[in-house]
Amino acid sequence: MWFKIGLLLILVTEEVRGYIEYVETSGCESCVLRLTCRHLNSIISVLEANFEVIESYINETLPTPFPPMHPRIALNQRCSGVNHCSFILTKDCPGADKWGLGNLTVNYACISEDRLTKYCNKEILLASPETFGISRGFIHNPGYPRFYLGKQKCRWTIHAPPLQRVKVTIYDISLVADPNLSKCSDIVEVSDRGQILYSTCEQHEPPLEITSLDDTLDVTLIPSPKENLLPRRGIMFYYTAVGCSTPIAPKDGYLVYRNDTVAEYSCCVGYAFPDTRIRSRIIKCLGYRWNTTVPLPDCKCKCS
């Protein structure tokens with residue numbers, strides 16, 4: 001459900017427990033933007049920030065899009081992981097005072113306590129269609145956004161329902177870097193059953209999206225082996241299942257076959273689908289949705 005309050009546009013999505021509230025706010029380059037979650041047990045994750053130039057300053061060349069810092073990364077420093085914050089683009093984002101007059105639009109999520117995983121070495125089972133449960137959420141390390149723990153790895157394993165995959169979006173990475181090393185010292189590693197799909201120590205813009213090859217994905221924060229506490233935020237990311245979930249078999253029917261792209265269902269002997277009056281039906285997965293309405297209609301007796 002969408003709510004519009006002044007310059008705020010709010011979308012609230014609720015599941016079995018907890019909620020994720022999506023908010024859009026905007027203002028001029030020197031305006032005070034206030035990012036606020038309505039519930040005190042919710043925290044902010046900055047999803048997107050865009051600056052639209054209305055008028056560049058005379059006799060100054062507009063720099064490349066967002067040097068030396070993208071507004072979303074500056075917003076992460078002030079707002080991610082807290083319940084409310086204020087942000088002035090020209091003050092809080094280095095170099096933004098040279099961009100000229102314009103409008104900053106920020107999209108952020110308010111995440112309730114129940115939709116967060118904030119402890120290490122957790123396994124998350126995403127809900128299948130026939131059960132009620134959590135199908136998406138956010139994860140951050142213990143101590144976020146004040147610090148992250150050193151010496152021991154922090155791992156999260158996410159399992160999607162069969163024949164679906166896991167997608168994660170890394171919205172914030174803030175790790176300690178070693179200036180004496182040419183590569184990352186502390187890293188975030190994303191892997192699928194032991195195969196490393198990606199590793200990094202830097203925030204990407206737009207946020208990095210990684211999809212598993214199978215139905216399981218591991219995200220591991222690998223910190224310094226020397227320090228107990230590291231004075232950076234750590235990591236926050238979003239997870240969800242992608243691909244078509246397997247529809248529940250209709251009453252008096254059953255699943256015959258299923259792969260990544262198609263599924264075949266059949267009615268029991270003497271029954272048929274009421275709309276086609278035949279026993280079998282093949283449906284196709286188009287991206288993340290089936291090419292027909294699900295759940296399928298119950299099979300009906302062909303009694304004469």
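Cys37 is buried, and Cys110 is buried as well. Here buried stands for a relative accessible area under 20%, exposed for one over 50%, and partly exposed for values in between, computed with a 1.4 Å probe on protein chains only. The model is predicted, so local features need pLDDT of at least 70 and side-chain atom pairs count only at pLDDT 80 or more, while totals for chains, interfaces and linings use all residues. Residues are numbered from 1 along each chain as its sequence is written, and side-chain values use heavy atoms, with hydrogens and water left out.

Cys37 and Cys110 are bonded to each other: they form a disulfide with sulfur atoms 2.2 Å apart. A disulfide is a pair of cysteine sulfur atoms within 2.5 Å. This pair links distant parts of the chain, with Cys37 in the loop between strand S4 (32-36) and strand S5 (43-55), and Cys110 in strand S7 (residues 101-111), 73 residues apart. Strands are DSSP runs of E of at least two residues, and helices are runs of H or I of at least four, numbered from the N terminus. The torsion about the S-S bond of Cys37 and Cys110 is about -95°, so this disulfide is left-handed.

The search of the whole structure finds 7 disulfides. Another of them joins Cys244 to Cys285, with an S to S distance of 2.1 Å. This pair also links distant parts of the chain: Cys244 lies in the loop between strand S19 (234-242) and strand S20 (253-258), and Cys285 lies in strand S23 (residues 280-286), 41 residues apart. The torsion about the S-S bond of Cys244 and Cys285 is about 90°, so the disulfide is right-handed. Cys244 is buried at a relative accessible area of 2%, and Cys285 is buried at 13%.

A further disulfide joins Cys28 to Cys31, where the S to S distance is 2.0 Å. Its torsion about the S-S bond is about 100°, so the disulfide of Cys28 and Cys31 is right-handed. Cys28 is partly exposed, with a relative accessible area of 26%. Cys31 also counts as partly exposed, at 29% relative accessibility.

Two other cysteines remain to be described. Which cysteine sulfur is closest to that of Cys268? It is the sulfur of Cys299, at 6.7 Å, which is too far for a bond. Cys268 is partly exposed, with a relative accessible area of 30%. Cys93, by contrast, counts as buried, at 1% relative accessibility.
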